[in-house]
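Keep the viewer open and click along.

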Amino acid sequence: MIDALFAAPPRLGAVRVLAVDGPSGSGKSTLAGKIVAELAGRGARVALVSTDEFATWDEPVSWWPRLETGVLEPLRAGRPGRYRRVDWSAGVPLPGEEVEIPVPEVLVLEGVSSGRARMRPSLSLLTWLDGGTEAERLDRAAERDGEGSRAELRRWQLFERGWFAVDGTRAAAADRLVTSREW
């Protein structure tokens, strides 16, 4: 995957963007962390931005303009990006700390909707991670986020099922489909 990423041209100004998309609980964050570590190990300047730092239960994908204006547009212009992450430490989404993203060679954009149709012209590579059945993914997500979040996570799954069907994300990543057993 790393070789394919470097073989692809940068499409966000001078920045190559790898989107790691797929349903919740599929392992996107884990895979993205491994990719970032491998890129850094090869000496690449790499930044990781997770859609989880923008999304809330009530705003699963409508936060996108904040990512565009705060991170993507500045990086495209060769300037650092900035955004305010969502802080869930109180159990509800609140404005968190401001994060600065220095201009990287590679931006790994990870999370549900990271490979959305609006972003695809700027992507160097789109990877889809399926992560098993819906029930398996729900169990993993509830284990990660706490059993008390299971009902919200299930509601999220139903939303994302419709989102992905309309957006066509999985089909757009047809040459980079990853199952949980492959990594």
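This is a predicted model: local features need pLDDT of at least 70, side-chain atom pairs count only at pLDDT 80 or more; totals for chains, interfaces and linings use all residues.

Residues are numbered from 1 along each chain as its sequence is written, and side-chain values use heavy atoms, with hydrogens and water left out. Helices (H or I, at least four residues) and strands (E, at least two) are DSSP runs numbered from the N terminus.

**The cores**

In soluble globular proteins, nonpolar side chains tend to be buried together. A nonpolar core here is a set of buried Ala, Val, Leu, Ile, Met, Phe, Trp, Tyr and Cys residues joined through side-chain atoms within 4.5 Å. Buried means under 20% relative accessible area, exposed over 50%, and partly exposed in between, using a 1.4 Å probe and protein chains only.

Which residues touch the most other members of the largest core? In that set of 29 residues, they are Val17, Val49, Leu67, Leu72 and Leu107. Two or more residues each come from strand 1 (16–21), strand 2 (46–50), helix 3 (64–76), strand 4 (94–101), strand 5 (106–110), strand 6 (125–129) and helix 5. Helix 3 is the top contributor to this core, with 5 residues.

Contact means heavy atoms within 4.5 Å. Beyond its neighbours within four places in sequence, Val17 has contacts that include Leu5, Leu12, Leu107, Leu109 and Met119. There is also a second, separate core of 15 residues, with Ala32, Leu39, Leu125 and Val178 among them.

**Helix 4 against helix 5**

Two packed helices are described by the angle between their axes and the distance between the axes. Axes are lines fitted to C-alpha atoms, for helices over the stretch in contact, and angles run from 0 to 180 degrees between N-to-C directions. For helix 4 (residues 134–145) and helix 5 (residues 150–167), the axes come within 10 Å and cross at roughly 135°. That makes helix 4 oblique to helix 5; under 35 degrees would be roughly parallel, over 145 roughly antiparallel, 65 to 115 roughly perpendicular, and the rest is oblique.

The helix 4 side of the contact includes Glu134, Arg137, Leu138 and Asp145, while the helix 5 side includes Arg150, Leu153 and Arg161. By class, the contact of helix 4 with helix 5 has 4 nonpolar, 1 polar and 8 charged residues.

**Residues to click on**

Most residues other than glycine have a negative phi. Ser113, however, has a phi near 85°, a positive value in a residue other than glycine. Ser113 lies in the loop between strand 5 and strand 6, and is buried with a relative accessible area of 0%.

Ser24 sits in the loop between strand 1 and helix 2 (28–41) and is buried, at 8% relative accessible area. Not counting residues up to four places away in sequence, Ser24 touches Val112, Arg137, Trp156, Gln157 and Glu160.

Ala47, in strand 2, is buried with a relative accessible area of 10%. Trp88, in the loop between strand 3 (81–87) and strand 4, counts as partly exposed at 30% relative accessibility.

Some C-alpha to C-alpha separations:

| Pair | Apart in sequence | Apart in space |
|---|---|---|
| Ala117 and Gly168 | 51 residues | 7.6 Å |
| Trp88 and Gly132 | 44 residues | 26 Å |

How values were computed
Ala, Val, Leu, Ile, Met, Phe, Trp, Tyr, Cys and Pro count as nonpolar, Asp, Glu, Lys and Arg as charged, and the others, Gly among them, as polar.
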